[in-house]
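Colleague: I am new to this structure and would like a close look at a single part of it. Could you take me through the sheet and the helices that lie against it?

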Amino acid sequence: MVNSSPLASQRAFVTVTEQLPIGEFLERAWKGTLIDVRSTAEFDHGHIPHAISVPLMTDEERAAVGTRYKTEGRLDATVLGLGFVGPRLAQLAHTLIHMSEEGGLFIYCARGGMRSGSVAWLANLLQLHVYVLEGGYRSYRQWLDKLWGKPWSLRVLGGLTGVGKTQLLHSLKAIGAQVIDLEGLANHKGSAFGGVLEAPQPTQSQFENELGHRLFGLNPELPIWIEDESKLIGHRAIPPVFWTQMRIRPVLYVSRPLQFRIDLLAELYGEADPNLLLECTSKISRRLGPENTAIAQAAIQSNDLSKAIALVLEYYDKTYRHGLSKRQKVHHFELHGLVGAEAAHALELAWIEGWGETEKSSSSV
């Protein structure tokens, strides 16, 4: 009789546990299953993108083991941990079998120690091919710190609010260009209205993790299009070393007709809760002034979103132009009404026109 159980099908694997450094671990993990065995709270605070949470202990159990380690030492802490984990080993075994793929299991914990080692031991017992991240999640975060400082060939896309920079990035990506959408990673459009119609922002750590994952998947020798941003996107900060690279790179400043911008923003925010728009308008009332704030809020309440947007844009245009005046290399480009692939190809040509292949040219605002 042929045994067709999932466990039996794994017998063809060679029983192997390998410790891998972070670069090799990430390169190979996409072929298998990436598993984070830290607690739920640790995972929620930040994790390697695409990892699946399979906590070895609950948050409370992990805290208890940590306390026992500090007060009684490693041996007592280990025994306590075994008491927590032991009753769940059978269920954990079924989970590992179910998640195992031909590429193997890629496991990490906080520091590459007891938790990942324990799960790797169980995986080996089940004859599953398993890899453990040397240094754990901590080594991943250290790797990110080095990643920000690499020399990236950034093409910074600028322009006033409403010119459609995010849509242009997506169009560039569609024609094969390398793109990073920082606002998409941060779940925020960067203004006082930036959180409207967006999911909650990720933690700062997870925002950095997602940015690092995006960079890791790109070719550093080829150009990368990215939107001109301030240090903060909502409440999430761009890593300072990477942001500094953004600031010293040339900017392709895109212009659109005012009515185009108003129409685009009216369409974007047309489905938003008017009460939320009123609240966001109040946040910039000091900059708008009491009279313009009252007019804008009245327009929102009467469903005249275009009128409100026109008033708000006066403030944002002044703010952005002031920031742009501090940049040394700016090439202005009137995009008019081009969208999609036409707009993307026009941007590629405009960059070459402004900076050439070596990007050594410069112009001032």
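Modeller: In this predicted model, the part to look at is an open sheet of 5 strands, whose order is 7-8-6-11-12 and whose pairing is parallel. Its edges are formed by strand 7 (178-180) and strand 12 (330-334), each of which pairs on one side only, and from one strand to the next the twist averages 30°. Within the sheet, strand 6 (residues 154-159) and strand 11 (residues 251-255) run parallel and are joined by 4 bridges; there you can find Gly-158 standing opposite Tyr-253 of strand 11.

Turning to the helices, helix 12 (residues 240-248) packs on the sheet, where it touches strand 6 as well as strand 8 (224-227), and its direction makes about 70° with that of strand 6. Helix 17, for its part, lies across strand 6, strand 11 and strand 12, and it runs at about 155° to strand 11.

Helix 17 (residues 305-324) also packs with helix 13 (residues 258-269), at an angle of about 115° and with the two axes 9 Å apart, and the crossing in which helix 13 passes helix 17 is right-handed. On the side of helix 13, the contact is made by Leu-258, Arg-261, Ile-262, Leu-265, Ala-266 and Tyr-269, while helix 17 contributes Leu-305, Ser-306, Ile-309, Ala-310, Leu-313 and Asp-317. Sorted by class, this contact between helix 13 and helix 17 has 9 nonpolar residues, together with 1 polar and 2 charged ones.

Conventions:
Residues are numbered from 1 along each chain as its sequence is written. This is a predicted model: local features need pLDDT of at least 70, side-chain atom pairs count only at pLDDT 80 or more; totals for chains, interfaces and linings use all residues. Side-chain values use heavy atoms; hydrogens and water are left out. Axes are lines fitted to C-alpha atoms, for helices over the stretch in contact, and angles run from 0 to 180 degrees between N-to-C directions. Helices (H or I, at least four residues) and strands (E, at least two) are DSSP runs, numbered from the N terminus. A crossing is left-handed if the near helix is turned anticlockwise from the far one by less than a right angle, and right-handed if clockwise. Contact means heavy atoms within 4.5 Å. Ala, Val, Leu, Ile, Met, Phe, Trp, Tyr, Cys and Pro count as nonpolar, Asp, Glu, Lys and Arg as charged, and the others, Gly among them, as polar. Two strands pair if DSSP finds at least two bridges between them.
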